[in-house]
Structure formats: structure tokens, C-alpha cells
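This briefing goes through one protein model by topic. It begins with the domains and then turns to cores, surface, backbone and salt bridges.

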Amino acid sequence: MDHFQIIDGVLHAENVPLTRIAADVGTPVYVYSTATLSRHAQVFREGLINGGIENPHIAFAVKANPNLAVLKVLAREGYGADVVSAGEMNRALAAGIPPKDIVFSGVGKTADEIIAALKHGIGQFNIESEEEGRELSALAEIIGKRADAVLRINPDVDAQTNAKISTGKADNKFGVGLHKAPAIYARLSALPGLNMRGVALHIGSQLLNLDPLETAFTKIGKLITELRDSGYTITHVDLGGGLGVKYKAEDNPPYPDVYGEMVGRVTKGWNVQLMFEPGRVICGNAGVLLTTVIRVKPGAGNLPFTIVDAAMNDLARPALYDAWHDFEAVEPNGERFTCNIVGPVCETGDTFAMAREVDKVAQGDLAIFRTAGAYGATMASTYNSRGLVPEVLVHEDKFAIVAERIEPATILAAEHVPDWLD
Ligand code: LLP
């Protein structure tokens with residue numbers, strides 16, 4: 001459930017008409033609902049608790065939506081953070097998330113990032129290779145700390161999602177293979193700078209079927225038994241994120257209570273602190289991209305092009321993954337038409353929808369792309385020398401700009417012509 005509904009003929013975010021945000025902030029602009037973020041955070045936690053998981057540690061995957069105000073909403077819900085760079089770590093800290101509740105994932109942590117995380121007292125490092133573990137141990141020793149860490153396992157499971165967002169197949173760059181894991185775990189456990197306390201996995205994103213997760217978790221359960229039988233202590237298991245959301249009407253994602261039931265069943269008797277890294281399921285449906293129709297251009301055949309002022313640089317998902325985002329008029333007039341929806345960027349990939357039946361819109365009309373709260377603004381670029389899209393957070397009948405529009409002139413001002421070209 002989200003809080004983007006038509007009230008008196010106008011699409012609102014909670015109690016704020018999107019027409020008001022467009023008038024005040026301009027378009028394109030991302031609009032997030034505080035109530036939706038909080039609700040999703042609560043529903044996800046309740047799903048786990050109802051599944052029998054006492055006291056889950058939930059670390060929001062900051063990459064999905066790193067906006068400071070969004071992180072603050074989730075911090076208030078008691079969420080920790082899963083970060084993959086010093087930049088994300090600093091955002092989580094700035095949002096007031098306690099360092100101990102932050103998990104540091106990622107295959108390419110640099111020495112500088114590891115040192116910064118150690119100094120901040122980050123709660124857990126999810127180690128992705130033996131080489132990384134050795135470096136972490138050495139750096140921790142220099143600083144005089146012992147890093148709490150888990151080893152990320154690549155369970156070689158097909159997540160049945162877009163290949164670009166699958167992470168748990170043997171040929172993906174993430175984690176260490178199951179068969180190699182016991183020996184690597186043993187060697188890392190012997191290092192003086194590490195406190196190895198468990199394992200982690202994350203097999204992919206936008207999963208609409210729980211079977212691959214169940215298969216992967218079952219493999220991890222066997223590994224835990226094997227490691228314990230060899231005398232190692234396993235107190236923490238990080239099950240990652242990946243739960244999908246509804247982008248289009250026929251998508252049927254498993255709800256958090258069904259996920260919680262599965263996790264509770266598969267992990268029964270593990271006797272560990274379970275950890276989770278949800279991203280999309282928390283924030284995907286908590287945001288829309290608000291845009292203005294620049295003009296409608298006749299196309300070859302009878303399908304017009306609806307050219308909107310948002311483009312692939314603002315919302316990259318359709319161009320990158322052929323992703324679907326519902327398109328709706330902010331003030332629908334009841335008529336529908338079939339068109340192609342495109343942005344102004346100069347490549348054919350800048351296409352949001354082909355031959356799609358949508359609300360009839362005309363020049364100057366406002367419209368939204370739904371389910372844009374995850375992997376939206378965070379993946380924006382300045383391609384075609386466009387600005388960086390701003391973000392607005394709504395709370396009941398209030399709204400605030402939580403990320404300013406970065407104008408092309410600001411970006412130009414940061415560029416310099418060397419004196420030999422003067
Ligand atoms: N944990 C790890 C280690 C991850 O790599 C990810 C996502 C997550 C958690 C959160 O996954 P989620 O719950 O959001 O599925 N840009 C793509 C998605 C990339 C996901 C990368 N990793 C998209 O727009 O669909």
C-alpha cells in the first residue's frame with residue numbers, strides 16, 4: 001500500500017497535491033511519502049517477527065535510496081544501514097544511524113574506506129574474498145581493533161531476475177563459492193584482526209519468487225552446521241535483501257509476511273542473530289517521479305510520442321533493465337490513449353514505454369512514473385548536460401525539498417579549462 005492517491009481529481013502524495021509540488025519546485029522531481037516509507041519499514045519488520053524471528057537486525061540497503069531525509073525516516077523506525085562505500089557510510093552516520101547498526105558490504109572496499117569504517121566503529125564487515133579479509137585484519141591490527149566480520153557466500157543460485165541484478169550465481173563477482181567457504185572461513189578465523197562471527201549472502205534484487213531464496217538459505221543452513229562441526233562459532237547470519245515489488249499490475253511479489261514465514265521456517269534452530277538488508281521493498285513504492293509533458297509528437301504509424309521532461313538520466317531503470325514504471329496523469333480526464341513515452345535525451349534508449357495505453361495527456365500536463373522511490377534519483381546522471389533531479393519528501397500536508405536541483409550551470413562551474421588551452 002502507498003500514499004499516492006487521487007483526491008478530488010488530483011493525484012496527491014499523502015495530503016499534498018502534486019500540482020502544488022510541481023508549481024513550487026518545478027519538474028522533473030522525485031516525490032517521496034514519509035507515511036509509505038514508515039509503513040513499509042514496519043510491515044517488513046512485522047513480517048519477520050510474525051515468522052518467528054525474534055529481534056531481527058534490519059539494515060536498509062542505502063544504495064536503493066540514499067537521501068538523507070529518507071535515511072532519517074528509516075533511522076526513526078529503528079533501521080540500521082547496509083552500505084557499500086564511504087559515501088554511503090557517511091550518509092548513514094549523518095542520518096543518526098548508530099555505527100554499530102551499520103553493515104559494510106561490497107566487493108571493492110578500498111583501504112581508505114576500511115580504515116574509515118574501522119575508526120567509526122562500524123558494526124560488521126561483510127567480507128567478499130579471502131584477500132579482502134586479510135587486508136581488513138591487517139588494517140584493524142594497525143588501528144588496534146578487532147573487526148566483527150562475516151564471510152559472504154556465493155551459493156550459486158539463479159535468482160530468476162534480470163541478469164544485471166543477479167548476484168548469487170557462481171560466475172558473479174560476489175562472495176566466495178560454497179565449496180571454498182569452509183577453508184577460507186578457517187583461515188580468516190585465525191587472523192588476529194578479525195572476529196569472524198558468521199556468514200552473509202545476497203542473491204539478487206527484484207525477486208518475485210521465494211524459491212531461489214529458500215534454496216540459497218537452505219544451502220547456508222548446511223554450511224553453518226559444517227562450520228560449527230569444525231569448531232567455529234556462528235552467531236550472525238546476514239540474509240541480504242532482494243524482495244521484489246509490484247511495478248505492473250500482473251507482478252505478484254511475495255508479501256513480507258510470506259517472506260517472514262519462509263525465513264522463519266528455513267532458519268528454525270539456527271540459533272543466530274539474523275540480519276536483513278532490504279532496499280527496494282522499503283522505498284520502491286514510496287516514491288514517484290513527477291514530470292511535465294513537453295509535447296506530444298505524431299509518430300510513424302498511429303502511435304504518438306509523448307515527450308516528457310524526465311529522461312533516462314533522471315530515471316535510468318527503463319533504459320538499463322527494460323524496467324516498467326506505470327505512467328499516470330496527475331489530473332486524469334478519464335480518456336486513455338496508446339503512445340510511446342520518451343524523454344528528451346538524444347538516444348533511442350531514452351524510452352520509458354512503447355505502445356502503452358495510458359491516461360490521455362497533452363502538452364503542459366503533469367504525470368508521474370510510479371514505483372520510482374528505489375534506484376531512481378540515486379542512479380541519476382547529468383547526461384546531455386541536464387541538471388541533477390531534485391527530491392521532495394511529503395509528510396501529511398507538508399512537504400520539503402530534501403535534495404536541491406543541481407543546475408547545469410553549477411556543474412559547469414566545477415569544470416576548468418587548463419591554462420595551456422587559454
Ligand atoms: N544487499 C546487497 C549486498 C545488495 O547488493 C543489494 C542490492 C541489496 C542488499 C538490496 O537489494 P534490494 O532489497 O533492493 O533488492 N539498480 C538495480 C538494483 C540493484 C541492486 C543491487 N544490490 C535496479 O534498479 O533494479
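Domain bounds here come from an automatic or database domain assignment. On that basis the protein chain is divided into domain 1 (4–32 + 284–413) and domain 2 (34–278). The model is predicted: local features need pLDDT of at least 70, side-chain atom pairs count only at pLDDT 80 or more, and totals for chains, interfaces and linings use all residues. Residues are numbered from 1 along each chain as its sequence is written, and side-chain values use heavy atoms, with hydrogens and water left out.

**Domains**

- The C-alpha centres of domain 1 and domain 2 lie 32 Å apart.
- The contact between them (heavy atoms within 4.5 Å) takes 21 residues from domain 1 and 21 residues from domain 2.

**Nonpolar cores**

- A nonpolar core is a set of buried Ala, Val, Leu, Ile, Met, Phe, Trp, Tyr and Cys residues joined through side-chain atoms within 4.5 Å.
- Buried means under 20% relative accessible area, exposed over 50%, and partly exposed in between, with a 1.4 Å probe and protein chains only.
- The largest nonpolar core has 100 residues, and those with the most contacts inside it are Phe44, Phe217, Val237 and Tyr259.
- Helix α8 (residues 211–229) contributes the most to this core, with seven residues; helices (H or I, at least four residues) and strands (E, at least two) are DSSP runs, numbered from the N terminus.
- This core draws at least three residues from each of domain 1 and domain 2.
- Another core lies apart from it and has 18 residues, including Val10, Leu11, Leu290 and Ile368.

**Tyr259 and helix α9**

- Leaving aside residues up to four places away in sequence, Tyr259 touches Phe44, Leu48, Leu210, Leu213, Phe217, Gly240, Leu243 and Phe276.
- In helix α9 (residues 256–266), the buried residues are Pro256, Tyr259, Gly260, Met262, Val263, Gly264 and Val266.
- The cover over the buried residues of α9 includes α2 (34–50), α8 and β13 (273–276).

**Nonpolar surface**

- Val417, Trp420 and Leu421 make a nonpolar surface patch of about 410 Å².
- Patches are made of residues with over 30% relative accessible area and no salt bridge; like charges are joined within 9 Å, and nonpolar side chains (Val, Leu, Ile, Met, Phe, Trp, Tyr) within 5 Å.
- Accessible areas come from the Shrake-Rupley method with a 1.4 Å probe, and for residues only the protein chains shown count as cover.
- Leu421 sits in the segment after α12 (408–413) and is exposed, with a relative accessible area of 58%.

**Backbone exceptions**

- Most residues other than glycine have a negative phi, and most peptide bonds are trans.
- The peptide bond from Thr27 to Pro28 is cis, with omega near -5°, and Pro28 lies in the loop between α1 (18–25) and β4 (29–33).
- Glu14 is not a glycine, yet has a positive phi of about 50°.
- Glu14 is in the loop between β2 (10–13) and β3 (16–17) and is buried, with a relative accessible area of 10%.
- Tyr375, also not a glycine, has a positive phi of about 55°.
- Tyr375 is in the loop between β19 (366–369) and β20 (391–395) and is buried at a relative accessible area of 15%.

**Salt bridges**

- A salt bridge is a side-chain nitrogen of Lys or Arg within 4 Å of a carboxyl oxygen of Asp or Glu, and by this rule the count comes to 14.
- Lys100 and Asp101 form one of them (3.3 Å, N to O); Lys100 is exposed at 59% relative accessible area, whereas Asp101 is buried at 16%.
- Glu132 pairs with Lys109, with their closest N and O atoms 2.6 Å apart.
- Glu132 is in helix α6 (residues 130–143) and Lys109 in the loop between β7 (102–104) and α5 (111–120), so this pair ties together parts that are 23 residues apart in sequence.
- Glu132 is buried, with a relative accessible area of 7%, and Lys109 counts as buried at 9%.
- Arg265 bridges to Glu261, the closest N and O atoms being 3.2 Å apart.
- Arg265 and Glu261 are four residues apart in helix α9 and are therefore separated by about one helical turn.
- Arg265 is partly exposed, with a relative accessible area of 43%, and Glu261 counts as partly exposed at 40%.
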